[in-house]
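Here's a quick briefing for anyone meeting this structure for the first time.

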Amino acid sequence: MSSRVLPEDAAESRTRPFEQVYRDHAARVFRYCLSQVSNRGDAEDLAADVFAAAFHAFAGADVPLEAEPAWLLRIARNAVIDHRRKYSRRSALVARFLGGATEADPRVDVEGEVVMRDEVRQVIAAMAHLSDKDRTVLGLRIAAGLSYAEVGSVMGLTDHAATMACKRALARLQRHMGVTA
C-alpha cells in the first residue's frame, strides 16, 4: 500500500468547516472594510455581506488554506466597490432632489461611534484623500495584514508591482499626514 495521497484526498484534507474560516478571518475582513469606508456600521454590513457571499461560494470554490485570506479579501474588495457605486448613485439622486444640497458626507469620521486612538483617526482621515487604489492596497497590506504577494493576488498585480504600489501609497499617506521619512 502506497503512502502517496491521491488528489481527491488532498482536496478533501484542505476542506474545513466554513465556521472555522470565518473565525480565522473575520477580524481581518472587518479591518479591511473599515479601512475602506471609515464607518463602523457600514464596515460591519460589508463584512457580513462578504461572508454571506463566501459561504455560498465556499463548497464549490476549492480554496486552499493558504489562499483563504486573498480569496476572502478579493470578495471584500468587490463588495467595497459595489458599496461605493451604490453610495455614489444614492448621493447623486438625493442631490438632484435637494438641488445639490445634502447633509450626507461620505468623509464623516467615526469618532462619535467608536473610541479609537487619535493616531488611528488621523490615518483614516488621511486615507480619505487617497485614490481608491491607494486605499485598497493599504487596506489589504496594513489593515488586513496581507503580504505583498497576497495583495498582488487580490489586485491582479505581480508581486513587484504590488510592493511598489503599497510603498507609494504609504508615502502618499504619510505626506497627507505631514510625516517626513
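Predicted model: local features only at pLDDT ≥ 70, side-chain atom pairs only at ≥ 80, totals over all residues.

Residues are numbered from 1 along each chain as its sequence is written, and side-chain values use heavy atoms, leaving out hydrogens and water.

**The helix pair**
- α2 covers residues 18-37 and α3 residues 40-61; they pack at about 140°, with axes 8 Å apart.
- Residues in the contact (heavy atoms within 4.5 Å) include F18, Y22 and F30 of α2, plus L46, F51 and F58 of α3.
- That contact splits into 17 nonpolar residues, one polar and three charged.

**Salt bridges**
- There are seven salt bridges here, each a side-chain nitrogen of Lys or Arg within 4 Å of a carboxyl oxygen of Asp or Glu.
- E68 and R16 pair up at 2.6 Å, N to O.
- E68 is in helix α4 and R16 in the loop between α1 and α2, so this pair ties together parts 52 residues apart in sequence.
- E68 is buried (under 20% relative accessible area) at 1%, and R16 is buried too, at 17%.
- R16, D24 and E68 are linked in a salt-bridge network.
- D134 and R172 also form a salt bridge, their closest N and O atoms being 2.6 Å apart.
- D134 belongs to helix α6 and R172 to helix α8, so parts 38 residues apart get tied together.

Key. Axes fitted to C-alpha atoms, helices over the stretch in contact; angles between N-to-C directions. Helix = DSSP H or I, 4+ residues; strand = E, 2+ residues; numbered from the N terminus. Nonpolar A, V, L, I, M, F, W, Y, C, P; charged D, E, K, R; others polar. Buried < 20%, exposed > 50% of the residue type's maximum accessible area, 1.4 Å probe, protein only.
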